[in-house]
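Here are my notes on the model, in numbered points. Have the viewer open as you go through them.

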Amino acid sequence: MPTVEVRPFEPGDETAIARLSAVVRWPSLTDPAVVLRVCEAPGSVAFVAVTDDVLVGWAQALGDGVLQSHLSFLAVHPDHRRRGIGRLLVVVTFQATATARIDLVTLDAESFYESFAHRRMLGYRLYPGV
């Protein structure tokens, strides 16, 4: 099995992340310029997982550096899932936030996140104009 390198996001990774976002059907992140802005936003930490010089996963979180952070994005290419890459990205990203807890919203990955120590809570995603 090929080794996986997890490293901080670097400018230049945004194109591969945009391609991965298209594969996992995240249309809001298919523009490399948007990905770059997300990964370089104030308070943002972002990491990529690379195997054989191919980006196979990424994660991004925002945090206050003390108590609270939010795992905003986590994606692993479908051909590379169930190998521990997602878990590694979550752990590294969480550690980089230097916060006591991390919240997230998911639509279809409950069994993955339930494998971590957690407390299930009700949440909402709000949009402009409400």
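What share of the contacts in the chain with a separation of 6 or more comes from residues 24 or more positions apart?

1. The share is 57% of those contacts, where a contact means heavy atoms within 4.5 Å. Before you read on: this is a predicted model, with local features needing pLDDT of at least 70 and side-chain atom pairs counting only at pLDDT 80 or more, while totals for chains, interfaces and linings use all residues. Residues are numbered from 1 along each chain as its sequence is written, and side-chain values use heavy atoms, with hydrogens and water left out.

2. On the overall layout, the chain has 4 helices and 5 strands, arranged along the sequence as β-α-α-β-β-β-α-β-α. These are DSSP runs numbered from the N terminus: helices are H or I with at least four residues, strands are E with at least two.

3. Now burial and surface. Of the 130 residues in the chain, 35% are buried; buried means under 20% relative accessible area, exposed means over 50%, and partly exposed is in between (1.4 Å probe, protein chains only). The chain exposes about 8,500 Å², with carbon and sulfur atoms supplying 55% of that. The areas come from the Shrake-Rupley method with a 1.4 Å probe, and for residues only the protein chains shown count as cover.

4. Have a look at the aromatics. There are 2 aromatic pairs in the structure; rings of Phe, Tyr and Trp (its six-membered ring) pair if their centres lie within 6.5 Å, and planes under 30 degrees apart count as stacked, over 60 as edge-to-face and the rest as tilted. Trp26 and Phe73 form a tilted pair, because their ring planes sit at 50°, with the centres 5.8 Å apart. Trp26 lies in the loop between α1 (14-23) and α2 (32-39) and Phe73 in strand β4 (residues 68-76), so this pair ties together parts 47 residues apart in sequence.

5. The other pair is Trp58 with Phe73: centres 5.6 Å apart and planes at 20°, so stacked. Here too, distant parts of the chain are linked, with Trp58 in strand β3 (residues 54-63) and Phe73 in strand β4, 15 residues apart. Put together, the ring pairs make a cluster of Trp26, Trp58 and Phe73. How covered are the members? Trp58 counts as buried at 0% relative accessibility, whereas Trp26 is partly exposed at 25% and Phe73 is partly exposed at 22%.

6. Thr99 deserves a click. This residue sits in the loop between α3 (85-97) and β5 (101-104) and counts as buried at 12% relative accessibility. Its side chain makes a polar contact with the side chain of Ser69 at 2.7 Å, and a polar atom of the Thr99 side chain lies 3.2 Å from the backbone oxygen of Arg101. A polar contact is a pair of N or O atoms within 3.5 Å; within protein, one must be able to donate a hydrogen and the other to accept it, and residues adjacent in sequence count only if both atoms are side-chain atoms. Leaving aside neighbours within four places in sequence, the contacts of Thr99 include Asp64, Gly65, Val66 and Phe94.

7. Last, some backbone angles to check. Asp53 has a positive phi of about 65° although it is not a glycine; Asp53 lies in the loop between β2 (44-51) and β3 and counts as exposed at 78% relative accessibility. Arg82 likewise has a positive phi of about 65° without being a glycine. That residue, Arg82, is in the loop between β4 and α3, and is exposed with a relative accessible area of 85%.
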